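Work through the following exercises with the sequence and the coordinates at hand. Each task is followed by its solution.

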Amino acid sequence: LAVLTPAATSWIHRVVSGAQLLSVAALGWKHADHLPTAFLLQTLAFVALNKVVTAQYFVWYFSLAPLVLPKLWHSSAQAQRRLMWAATAWVLATGHWL
């Protein structure tokens, strides 16, 4: 088992924080035309690249998802099937995690 020095830990923290900041900024920029989508994607990226995951984040998803679902639902039938599979997988994974 490798032991990280304080300098290595600080460097890793900066890289991860930079990736988190860049991804949140890029998603906000790319989806600025539909703010609910931008907010949801930024939240997902923030949580995915965060060091800690808590149940509080699920409340954020649930509050933003209804604003985005109509846009997603009006897409193709294949996209709707993917959305249903993704939602089912997410619910099962969250249930298992909790």
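**Exercise 1.** Which residues of α3 are buried?

Solution. The model is a predicted one. Begin with the extent of the helix: α3 covers residues 56–73, 18 residues in total. Buried here means under 20% relative accessible area. The buried residues of α3 are Y57, F58, Y61, L64 and V68. Next, look for what lies over them: the cover includes α2 (35–48) and α4 (77–97).

**Exercise 2.** Find where α3 has a kink, and compare the reach of the helix with the expected value.

Solution. From first C-alpha to last, α3 reaches 26 Å, close to the 26 Å expected at 1.5 Å a residue. The kink, of about 45°, is at A65, shortly before the proline P66.

**Exercise 3.** Describe the lining of the largest pocket.

Solution. The space in this pocket is about 550 Å³. Its lining has 19 residues, and those nearest the centre are L40, A65, L69, L72 and L83. Two or more lining residues come from each of α2, α3 and α4. With eight residues, α3 gives the most. Sorted by type, the lining has 16 nonpolar residues, two polar and one charged.

**Exercise 4.** Is H31 buried or exposed?

Solution. Locate the residue first: H31 sits in the loop between α1 (6–30) and α2. Its relative accessible area is 19%, so H31 counts as buried. Leaving out residues up to four places away in sequence, H31 touches T37, A38 and L41.

Note on methods:
Residues numbered from 1 in each chain as written. Predicted model: local features only at pLDDT ≥ 70, side-chain atom pairs only at ≥ 80, totals over all residues. Heavy atoms only, no water. Helix = DSSP H or I, 4+ residues; strand = E, 2+ residues; numbered from the N terminus. Expected span 1.5 Å × (residues − 1). Bend = angle between axes of the 7 residues up to and from the residue. Buried < 20%, exposed > 50% of the residue type's maximum accessible area, 1.4 Å probe, protein only. Contact = heavy atoms within 4.5 Å. 1 Å grid on protein atoms, 1.4 Å probe; cavity = no way out; pocket = protein on both sides within 12 Å on 5 of 7 lines; lining within 4 Å. Points joined across faces, edges and corners; volume = space filled by probe spheres on them. Nonpolar A, V, L, I, M, F, W, Y, C, P; charged D, E, K, R; others polar.
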